[in-house]
Amino acid sequence: MNWFTPKCPIELEDKLWVEEAFQWLIDELGPEVLADSEVILPIEEYFPDPYSGTRADIRKMVDRVCVYMDVDPGLVEVKFFENDDLARVHPFAAPESTGSHALGVYHKENGKYHISLDIAQSADPQILVATIAHELGHVILLGEERLDPEYPDHEPMTDLLTVFYGLGVFTANSVFSFEQWTNTFAQGWQMNRRGYLTEELLGYSLALFAYLRNEKKPEWNKHLSTNVRSYFKASLKFLEKTGDINVTLDGPGEPPDPPSSI
């Protein structure tokens with residue numbers, strides 16, 4: 001009788017992609033990175049510097065995220081640009097994939113890693129940290145020549161890397177936002193969708209992260225947005241009850257082909 005067996009909250013194709021991608025990250029970066037990465041949270045303990053959104057403040061934030069992701073801050077050059085049309089921007093995407101400016105752009109030049117950040121996002125530090133973590137993910141995967149630049153799924157893999165390094169709370173909480181606005185003449189609302197992985201996929205990815213680290217009831221899940229926390233709890237319950245997982249902590253692997261839903 002399996003009436004009460006938990007069901008995986010994501011589609012099988014997505015489940016297999018997340019697990020194969022996680023396996024590749026373990027093989028490439030080492031299981032010790034997964035085991036030792038501290039979960040970084042949107043609290044003062046991890047970002048104690050005064051923050052008012054200035055470029056100097058953002059540079060300090062970049063340096064802190066560099067340390068959390070084992071990137072040498074001295075090799076990272078930070079530039080800024082402005083993009084006023086935030087409602088239609090896909091924050092972590094390359095410009096050619098959106099038809100408009102990105103909130104973060106990465107390239108390597110003369111031995112330095114250059115990340116450019118849209119100064120407009122400085123009003124939301126959590127989205128800013130997610131963008132910084134994603135761009136530093138490009139440093140780790142592309143800049144350090146771990147992943148072929150032609151690999152078709154490098155953007156979702158980069159989002160997943162932020163989970164692997166303990167920055168997944170920021171990535172997950174930045175996927176979706178609902179904003180209300182009011183001015184002299186009218187009021188309204190808008191929804192923004194960001195990143196390359198859905199809330200469901202990030203919930204499962206975070207659950208996989210916790211499961212592989214033997215975290216039964218991690219305190220950090222209370223910092224997740226309501227939707228992501230729901231997917232996280234359902235996913236962790238599924239993994240703990242079924243053990244249905246295709247990840248080991250050793251053995252070489254290849255980056256997986258992307259599922260059709262990504």
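This is a predicted model: local features need pLDDT of at least 70, side-chain atom pairs count only at pLDDT 80 or more; totals for chains, interfaces and linings use all residues.
1. Two strands pair if DSSP finds at least two bridges between them. Lys-108 stands opposite Tyr-113 in strand 3.

2. The hairpin made by strand 2 and strand 3 has 2 residues between the strands. Asn-110 in this hairpin takes a positive phi near 50°.

3. Strand 3 also pairs with strand 1, residues 76-81, in the parallel sense, over 6 bridges. Val-78, for instance, has Ile-115 of strand 3 as its bridge partner. Is strand 3, then, mostly covered or mostly open? Mostly covered: of the 7 residues in 112-118, 6 are buried.

4. Helix 1 covers residues 12-29, which makes 18 residues. From its first C-alpha to its last it reaches 25 Å, close to the 26 Å expected at 1.5 Å a residue. Just after the helix, Gly-30 has a positive phi of about 100°.

5. Which elements do the buried residues of helix 1 pack against? They pack against helix 2 (31-36), helix 4 (125-143), helix 5 (154-164), helix 7 (199-212) and helix 8 (226-242). The buried set of helix 1 includes Trp-17, Phe-22, Trp-24, Leu-25 and Leu-29, and also Asp-14, Lys-15 and Glu-19.

6. The largest nonpolar core has 71 residues. Those touching the most other members are Phe-22, Leu-25, Val-62, Met-69, Val-76, Leu-136 and Trp-220. Leaving out residues up to four places away in sequence, Leu-25 touches Gly-30, Leu-141, Met-157, Leu-160, Leu-161 and Phe-164.

7. His-154 lies in helix 5. Why does His-154 count as buried? Its relative accessibility is 18%, and buried means under 20%, so His-154 falls on the buried side of the cut-off. The side chain of His-154 reaches the backbone oxygen of Tyr-151 at 3.3 Å. Setting aside neighbours within four places in sequence, His-154 is in contact with His-138, Leu-142, Leu-147 and Pro-149.

8. Cys-66 is buried because its relative accessible area is 0%. Cys-8 also counts as buried, because its relative accessibility is 13%. A search of the whole structure for disulfides finds 0.

Definitions and conventions. Residues are numbered from 1 along each chain as its sequence is written. Side-chain values use heavy atoms; hydrogens and water are left out. Helices (H or I, at least four residues) and strands (E, at least two) are DSSP runs, numbered from the N terminus. The expected span of a helix is 1.5 Å times one less than its number of residues. Buried means under 20% relative accessible area, exposed over 50%, partly exposed in between (1.4 Å probe, protein chains only). Contact means heavy atoms within 4.5 Å. A disulfide is a pair of cysteine sulfur atoms within 2.5 Å. A polar contact is a pair of N or O atoms within 3.5 Å; within protein, one must be able to donate a hydrogen and the other to accept it, and residues adjacent in sequence count only if both atoms are side-chain atoms. A nonpolar core is a set of buried Ala, Val, Leu, Ile, Met, Phe, Trp, Tyr and Cys residues joined through side-chain atoms within 4.5 Å.
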